Amino acid sequence: MKPGVYPAAVTPLSAKGEVDLPAVARLMAWYKAGGCTGVVLAGTNGEGPSLSAVEKRDLVRGAVPLADGLDIVLGVATPSLDEAIWLCKQANNASAKAVLLMPPGYFREVSEDGVAKWFEAVLDASPIPILIYNFPKMTGITLSAETMARLSVHDKMIGLKDSSGRTRGRWIRINERALFLPGYY
């Protein structure tokens, strides 16, 4: 992925509640004109939690051809391992650049090792690069520095979006890769 600004896009819907692709085209043009590098679709600010997996697939399929050079990232927030993997494959098939993957929030009592294994299973099966999304307010799961370090060695993990609200962080180096862990100190 190219460095730059990747705002979380709203998902324009028609009066019938379906994705409004002409409105998506206008939104992509607006982001492009604003100097953005890419856009995150179906994230936590873009109706992602309310869209079905099929709607997310159709959104990314429809948006990529309208993106006019913007990198498209698909938000994936589901406790279902099979659905997360399927959405990664659908994003790849649509030529998205990456997915933004949240922990399986429904399972708040799972061990840290269990969360890491869930992410590793998605990373192993995904044909597309993955940004890990730490948003404990929404998922009930806080990703620790140890878990992030463990996941960072996977070649499909390309970064971290941290929405934990913590303001301090530290850089760590693992296998010749630098990883910034916001909020972990």
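This is a predicted model: local features need pLDDT of at least 70, side-chain atom pairs count only at pLDDT 80 or more; totals for chains, interfaces and linings use all residues.

Reader: How many helices and strands does the chain have?
Author: Helices (H or I, at least four residues) and strands (E, at least two) are DSSP runs, numbered from the N terminus. From the N terminus on, the elements go α-β-α-β-α-β-α-β-α-α-β-β-β. Altogether that's 6 helices and 7 strands.

Reader: In what order do the strands of the open sheet line up?
Author: Two strands count as paired if DSSP finds at least two bridges between them. The sheet has 5 strands with parallel pairing, and the order is β1-β2-β3-β4-β5.

Reader: Which strands are at its edges?
Author: Neighbouring strands in this sheet are turned by 25 degrees against each other on average, direction ignored. An edge strand pairs on one side only, and here that goes for β1 (38–41) and β5 (157–162).

Reader: Which residue of β3 stands opposite V73?
Author: Start from β1, which 4 bridges join to β2 (residues 71–76), with the two running parallel. There, V40 stands opposite V73. Another 4 bridges join β2 to β3, again running parallel. The β3 residue opposite V73 is A98.

Reader: Which residues of β3 are buried on each side?
Author: β3 covers residues 98–101, and both of its faces are covered. One side has A98 and L100, and the other has V99 and L101.

Reader: Now the helices: how do α3 and α4 lie relative to each other?
Author: Axes are lines fitted to C-alpha atoms, for helices over the stretch in contact, and angles run from 0 to 180 degrees between N-to-C directions. The axes of α3 (residues 81–93) and α4 (residues 112–125) come within 9 Å and cross at roughly 30 degrees. Angles under 35 degrees count as roughly parallel, over 145 as roughly antiparallel, 65 to 115 as roughly perpendicular and the rest as oblique. That's why α3 and α4 are roughly parallel.

Reader: How many residues of each class make the contact of α3 with α4?
Author: Contact means heavy atoms within 4.5 Å, and it's made by L81, A84, I85, C88 and K89 of α3 together with W118, A121, V122 and A125 of α4. As for classes, Ala, Val, Leu, Ile, Met, Phe, Trp, Tyr, Cys and Pro count as nonpolar, Asp, Glu, Lys and Arg as charged, and the others, Gly among them, as polar. The tally is 8 nonpolar, no polar and 1 charged.

Reader: And what classes of residue does the contact of α4 with α6 have?
Author: The axes of α4 and α6 come within 10 Å and cross at roughly 25 degrees, so these helices are roughly parallel to each other. E112, D113, A116, K117, F119, E120 and L123 in α4 meet E146, T147, R150 and L151 in α6. By class, that makes 4 nonpolar, 1 polar and 6 charged.

Reader: How many residues of α6 are buried?
Author: α6 runs over residues 145–152 and is mostly covered. The buried ones are A145, T147, M148, A149, L151 and S152.

Reader: Last one: which residues does R57 contact, leaving aside neighbours within four places in sequence?
Author: R57 is in α2 (residues 53–63), and it counts as buried because its relative accessibility is 17%. With those neighbours set aside, its contacts are W86, L87 and Q90.

Definitions and conventions. Residues are numbered from 1 along each chain as its sequence is written. Side-chain values use heavy atoms; hydrogens and water are left out. Buried means under 20% relative accessible area, exposed over 50%, partly exposed in between (1.4 Å probe, protein chains only).
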